[in-house]
Amino acid sequence: MFIRSLQFRTELVIYVLLDILPFFVLFFVWQAAFSGKTEINSFTLPQITQYYFLVMIIERVTSTYFENWRATEIREGKIDYFLTRPFSYINDVFSKDVGGKLVSLAISLPGLAVAFFLISLVLPVAPLSVAPHQIFIFIFFMITGYLIQFMIALWIVLLTFWFEGSSGLEHFKWISVSLFSGAMIPTTFMPTWIQSVYQFLPLKYIFAVPITYLQGTLSLTPGMFLELAIALLCMFGITRVFWHYALYQYSSAGG
Amino acid sequence: MSKPPIISITNLKKHFKVYKKKPGLWGSIQSLWHREYEVVKAVDGISFDIAEGEIVGFIGMNGAGKTTTLKMLSGLLYPTEGQPSVLGYNPWERKASFQKQFALVMGQKNQLWWDLPAVETFYLNKAIYEIPDEQFEKTLKKLVKLLDVEDIIRIQVRKLSLGQRMKCELIAALLHNPKVLFLDEPTIGLDVVMQKTLRDFIKAYNKEFGATIILTSHYMDDVKELCERAIIIDHGKKIFDGKLQDIIDKYARNKKLSLVFSEPVTKKDLQAFGDLKEFSDDGSHYTATLLVARKKATAVAAQVLSKFPVVDVTIEEPPIEAIIREVFSKEGS
Amino acid sequence: MKKYWHLFWHFRKVDFMRMMEYRTDFVFWLIVSLMWTAFNYFFFFLIFGTTESVAGWSHQELVIVLSFFTMIDALTWSVFYANMTQYTQSVFSGELSKYLLQPVSTIFLLTTQRMSYNNIPRFLIGLIVLVITAVKMDISVSMMELALIVVLFICGAVFIYSGWFILATLSLWVDKLQNINDIMPGFRRVYQIPRQVFTGVTALTFTFIFPLGLITSLPSEILTGKNPPVLLILYFIVATTCLALTARAFFKYSIKQYSSVGG
């Protein structure tokens with residue numbers, strides 16, 4: 001697993017570059033939008049740049065890419081191996097993803113840090129003045145953000161047990177997450193109807209909440225943590241039930 | 001009398017650079033800045049001429065260079081040295097007029113579109129090879145009849161069995177009436193019945209259309225049934241080129257008799273009949289293997305059966321590998 | 001020539017049959033592509049909604065740029081992506097030999113073999129929005145200008161495709177690169193917006209070094225009467241031609257170095 005990740009060194013470089021490019025382009029778009037103004041919706045240009053930079057980092061850490069090939073694996077019946085062992089398939093998906101992610105992060109995060117430094121020389125990015133405990137909380141949110149994304153991705157993969165053509169459902173996930181998590185644009189820019197959907201879904205904890213917290217525009221309340229905890233538990237419960245029925249479906253359909 | 005050979009190669013060579021990576025994590029890291037490579041001489045100086053209408057068999061073990069040679073003759077690989085000539089063309093130039101006159105069929109690869117009926121690939125090939133309507137219909141009909149695939153050509157290829165797929169692959173390859181046919185392991189993975197069907201078909205095709213055929217195979221039977229002439233290739237070099245019968249007569253001198261006895265027998269008694277290769281007597285099982293000269297094999301078997309308490313006897317050809325080993329050991333010494 | 005025309009439509013027929021075979025797939029991807037189109041328009045609507053004009057482009061003019069983008073993007077996903085993925089896959093699996101054996105230009109086969117109809121609705125939407133907006137803005141163009149717009153649009157498509165083709169041909173050199181086909185699409189953002197949005201070095205880069213910024217801007221500028229410099233137009237056409245020729249030459253050279261897998 002580690003070896004494979006190293007062989008992907010060029011691919012990682014490409015991924016990092018592809019990550020930075022949209023961020024770069026987006027900056028110019030915002031710069032043009034800001035012409036003649038110093039503030040839009042209580043954001044200054046450097047703050048917006050900083051916002052998107054943080055989006056980029058969270059994206060790197062929390063995104064999942066296994067939906068497609070795992071779904072194919074199931075469709076081709078290759079998971080029989082797992083079902084006969086005491087090691088759960090889900091655990092395998094999880095541990096492989098986390099493992100791969102840690103390696104790729106170990107390589108790409110330093111790269112991103114360098115990029116951040118270089119970018120801040122060229123573009124106006126608000127400097128991040130944060131206390132260490134804030135960084136810990138930020139990391140905490142990234143971990144929970146990853147768990148949320150992971151579980152949704154898992155649901156998509158599990159749908160393969162019922163639907164043949166389940167590949168491509170991740171597009172719905174991407175769009176939903178973009179729209180309702182603050183990844184696309186800060187919440188304050190969204191029309192009110194979307195903002196009300198925000199309140200319901202735990203997706204905001206992936207991007208909007210940690211970023212605005214770090215930027216100092218949001219103060220965290222215990223209620224939020226409670227909400228997040230409940231959301232995670234519910235999602236976990238759904239996953240268990242889902243998996244149970246998926247197995248049932250798999251064996252009754254003859255594998 | 002001499003018509004120029006259809007296929008001609010002189011001192012053909014193909015050397016590959018293969019990168020070596022040390023195993024493990026450290027090896028991967030090392031490969032970031034330094035890669036070792038070695039030169040693999042897949043084909044190292046092969047020469048031969050093939051006349052029109054011949055069916056020639058390439059025999060050799062895995063990695064001997066058979067497929068590589070075929071690929072160079074097809075224009076897929078650029079030779080390191082040597083200039084092949086097929087139908088008067090340089091295959092590497094891949095001229096359309098050349099490509100319309102030959103076909104390459106590889107047993108493990110498919111030409112057919114996976115999720116559509118085979119017949120769709122046939123029509124596609126018709127467009128690609130610019131086969132006139134009448135000729136196409138005629139050839140298709142003939143081939144379909146010869147291979148008896150009328151009912152399966154309209155079924156999606158992915159739903160066909162390996163044997164059926166192979167038949168359709170052959171048809172797809174032959175629709176444009178190639179003058180030269182390269183068959184690379186066409187019967188691999190097929191059951192015995194299907195192998196025979198394909199062999200009969202190839203023979204019939206050669207007779208009917210006069211195509212020149214090069215066939216590579218692991219199966220001695222393929223080569224035996226189809227090819228008068230055989231070329232043995234080992235480690236990129238041509239070891240033998242001549243009539244197949246000569247090889248068999250010369251090197252496949254022996255047949256193997258595997259015997260199972262109901263009572264113990266003595267080694268000495270057996271050795272009177274042939275070269276005793278194996279002998280086993282563990283108190284309850286008595287077996288032996290005798291190597292007997294080909295021509296005498298049946299006669300000896302009859303004698304052994306009458307003289308000894310034989311429970312089971314099997315008469316086998318030595319496998320092609322054994323024959324080749326014999327050939328090589330002869331060349332070596 | 002007739003043969004290639006004939007073959008092209010034969011492939012389209014086969015694509016259609018395949019689409020019918022996987023009907024639900026088609027409907028599904030139709031929905032997905034429409035979703036992304038809406039998403040794109042929505043995103044820029046949100047940003048541009050905060051200001052009157054962006055880099056000298058009014059809202060409606062920006063919609064025109066976005067519509068050109070939608071049309072090119074539709075081509076990217078239905079034509080280029082399908083082909084290039086097939087291309088790189090066939091290289092890694094050794095199936096490329098199949099194309100090399102056939103008496104038809106390999107580049108032609110690789111380009112036209114597989115196209116997806118999934119994004120045709122997306123293309124149509126882009127076109128319709130374009131036309132509607134142009135009508136709303138009371139735009140009138142001469143035949144010459146219209147012809148130029150079409151030429152530049154095609155140029156843009158050829159430019160993207162040639163760049164992609166060169167990248168995909170790299171797969172003939174490297175052992176295995178998973179995301180080689182994600183590079184070109186990654187650059188789409190650059191031409192989602194008019195070139196005037198970029199300033200400084202970046203503007204120079206995306207106008208001259210990698211003239212991606214011109215792909216949607218030039219036709220839009222002509223359509224909206226912004227009269228881009230003729231030199232720039234010529235430059236773009238020349239650059240595209242050079243890139244296309246390079247792609248072809250690179251391909252021929254790479255094939256020579258290529259050795260099929262499993263020899």
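Reader: How much of chain B counts as buried?

Author: Of its 333 residues, 39% do. Buried here takes 20 or more other C-beta atoms within 10 Å of a residue's own; exposed takes 12 or fewer, partly exposed is in between, and C-beta atoms are placed from the backbone. Before we go on: this is a predicted model, where local features need pLDDT of at least 70, side-chain atom pairs count only at pLDDT 80 or more, and totals for chains, interfaces and linings use all residues. Residues are numbered from 1 along each chain as its sequence is written, while chains are lettered from A and ligands numbered from 1 in the order in which they are written.

Reader: What does the secondary structure of chain B come to?

Author: Chain B has 12 helices and 13 strands. Both are DSSP runs numbered from the N terminus: helices are H or I with at least four residues, strands E with at least two.

Reader: What share of the contacts in chain B with a separation of 6 or more joins residues 24 or more positions apart?

Author: That's 72%. A contact means that two C-beta atoms, placed from the backbone, lie within 7 Å.

Reader: How do I read a sheet, and in what order do the strands of the open sheet in chain B come?

Author: The general idea is that strands of a sheet pair through backbone hydrogen bonds, either parallel or antiparallel. For pairing, DSSP has to find at least two bridges between two strands. In chain B, 6 strands form an open sheet ordered S5-S6-S7-S3-S8-S9, with mixed pairing. Strand S5 (102–106) and S9 of chain B are the edge strands, each pairing on one side only. From one strand to the next, the twist averages 15 degrees; axes are lines fitted to C-alpha atoms (for helices, over the stretch in contact), and angles run from 0 to 180 degrees between N-to-C directions.

Reader: Do S5(B) and strand S6 of chain B run parallel or antiparallel?

Author: S5(B) and strand S6 (residues 180–184) of chain B run parallel, joined by 5 bridges. B:Leu104 sits opposite B:Phe182 in S6(B).

Reader: And which way do strands S8 and S9 of chain B run, parallel or antiparallel?

Author: Antiparallel: 6 bridges link strand S8 (residues 229–234) to strand S9 (residues 237–243) of chain B. S8(B) and S9(B) make a hairpin with 2 residues between them, and B:His235 in the turn has a positive phi of about 50 degrees.

Reader: Why does B:Leu146 count as partly exposed?

Author: Because it has 18 C-beta neighbours inside 10 Å. B:Leu146 belongs to helix H5 (residues 133–147) of chain B. Leaving out residues up to four places away in sequence, B:Leu146 touches B:Phe201 and B:Ala204. B:Phe201 is 55 residues from B:Leu146 along the chain, with their C-alpha atoms separated by 6.8 Å.

Reader: Now the interfaces. How many residues of chain A are in contact with chain C?

Author: 20 residues of chain A contact 29 of chain C. Helix H2 (9–33) and helix H8 (169–181) of chain A each give two or more residues to this side of chain A, and H2(A) gives the most, 12 residues. By class, this side of chain A has 15 nonpolar, 4 polar and 1 charged residues. Nonpolar covers Ala, Val, Leu, Ile, Met, Phe, Trp, Tyr, Cys and Pro; charged covers Asp, Glu, Lys and Arg; the others, Gly among them, are polar.
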